[in-house]
Amino acid sequence: MPHSVLIRKLINCNINPVLVHWIHAFLTNRYQRVVLHGCASSLVPVTSGVPQGSVLGPVLFLLFINDITEVVKHCNIKLYADDTLLYRAVSSSGDCSLLQDDLNALFQWSISNNMKFNASKSYVTVFSSKRRLNFETSYCIGESVIQPVDCVKYLGVWMQGNLHWDTQISTIVTRANRMLGLLRSTLTDAPSEIKKLAYTSLCRPLLEYASEVWDPYIKKHTYDLEMVQNRAVRFILNIKGRDTSITEAKDSIKLKTLATRRKENRLKTLLNILDNEVLHPSLSNVLTEMLSKSSMSTRNQSLNPVYCRTNIFLNSFLPGTARDLRLGDEEVEL
């Protein structure tokens with residue numbers, strides 16, 4: 001992030017000149033060196049980047065990359081910190097060309113801003129329920145071909161090209177079991193209250209992160225997730241044998257099943273979306289189809305069922321949660 005380019009962008013944002021001058025003074029006249037076994041290298045001036053650990057650093061970075069969306073003409077683009085996601089529906093070779101055009105535009109942006117993309121950490125994934133596509137193509141960033149993968153991790157969630165969640169489920173189950181094993185070894189003699197607090201604070205969040213997205217409908221996945229909590233209940237209550245009912249044990253320490261918690265989280269999320277549709281434009285088209293036109297109040301709107309050609313879509317977040325909301329069996333507190 002070159003300081004000269006950053007200052008120019010701050011000026012273009014019509015930021016107060018006094019503040020721009022202060023930021024310039026904050027960034028410039030800094031030097032760095034390497035010290036190894038008591039030997040120090042010569043000082044080198046720092047002409048790019050921001051001081052690590054500073055409060056202002058992330059804000060300056062966001063201002064620096066803020067104009068990257070202006071060069072993308074044919075695709076959707078999502079930014080989160082230093083992750084950039086580019087996507088579009090592809091149904092012909094012409095769509096592939098448009099996607100490549102935007103990749104070329106992003107590459108030119110990176111050159112002009114002296115912030116090159118790391119092609120080795122860039123991936124392309126095709127999401128489709130079809131086993132074979134009618135056409136295949138490769139995409140490039142500059143002269144580097146982007147590596148095609150069948151599964152990609154984005155913001156902590158493993159997404160598979162075939163729209164299944166096997167990798168996500170197996171990954172979080174492994175991580176949660178590893179954490180539970182650590183808790184067992186360190187809290188062996190701790191009271192049940194402490195064990196429960198440790199489980200709900202350190203282990204259960206691993207099993208529920210972004211569950212609104214990947215909430216499984218396949219029984220095996222649901223079973224694998226619940227088995228982790230069953231092991232946790234045995235650990236919390238120090239249950240040794242197999243004669244004790246795990247369901248009764250959960251009730252005794254007021255632990256809901258993970259499936260119930262996932263359903264409640266989905267319902268809460270959907271109600272929040274209904275109350276704040278303007279904050280969720282990417283879901284507005286589907287919601288428009290689902291919302292009953294005869295309803296008057298946002299909170300009391302009924303959701304029409306949506307035709308789903310596949311079980312994957314039928315059990316995805318919006319159709320599945322709308323179906324649960326229409327049943328109206330539970331009360332959901334926001």
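Predicted model: local features only at pLDDT ≥ 70, side-chain atom pairs only at ≥ 80, totals over all residues.
The largest nonpolar core has 27 residues. Tyr-199, Cys-203, Leu-207, Trp-214 and Leu-225 are the members that touch the most others in this core. Helices H5 (166–186), H6 (192–208) and H8 (219–237) each contribute at least two residues to this core.

If its neighbours within four places in sequence are left aside, Leu-225 is in contact with Ile-169, Ile-172, Val-173, Leu-207, Trp-214, Pro-216, Leu-258 and Arg-262.

Next, follow helix H6. Its buried residues are Lys-195, Ala-198, Tyr-199, Cys-203, Arg-204, Leu-206, Leu-207 and Glu-208. What lies over these buried residues of H6? The cover includes H5, helix H7 (211–214), H8 and helix H10 (258–275). H6 is not straight throughout: at Thr-200 the helix bends by about 40 degrees. After H6 comes Ala-210, which has a positive phi, near 60 degrees.

The aromatic rings are the next topic. How many aromatic pairs does the structure hold? There are two. One is formed by Trp-22 and Phe-26, and this pair counts as stacked because the ring planes are at 10 degrees, with the ring centres 6.1 Å apart; the limit for stacking is under 30 degrees. Both residues belong to helix H2 (residues 17–27), where they are four residues apart, about one turn of the helix. Phe-26 has a relative accessibility of 23%, so this residue counts as partly exposed. Arg-30 lies over the face of Phe-26, 5.0 Å from the centre of the ring.

The other pair, Phe-64 with Trp-109, is edge-to-face, with 75 degrees between the planes and 6.5 Å from centre to centre. Why does this pair tie together parts that are 45 residues apart in sequence? Phe-64 is in helix H3 (residues 56–65) while Trp-109 is in helix H4 (residues 93–112), so the pair links those separate parts. Both Phe-64 and Trp-109 are buried. Phe-64 also has a charge over its ring: the charged end of Lys-9 sits there, 4.3 Å from the ring centre.

Definitions and conventions:
Residues numbered from 1 in each chain as written. Heavy atoms only, no water. Core = buried A, V, L, I, M, F, W, Y, C linked by side-chain atoms within 4.5 Å. Buried < 20%, exposed > 50% of the residue type's maximum accessible area, 1.4 Å probe, protein only. Contact = heavy atoms within 4.5 Å. Phe/Tyr/Trp six-rings, centres within 6.5 Å; stacked < 30°, edge-to-face > 60°. Lys NZ or Arg CZ within 6 Å of the ring centre and 35° of its normal. Bend = angle between axes of the 7 residues up to and from the residue.
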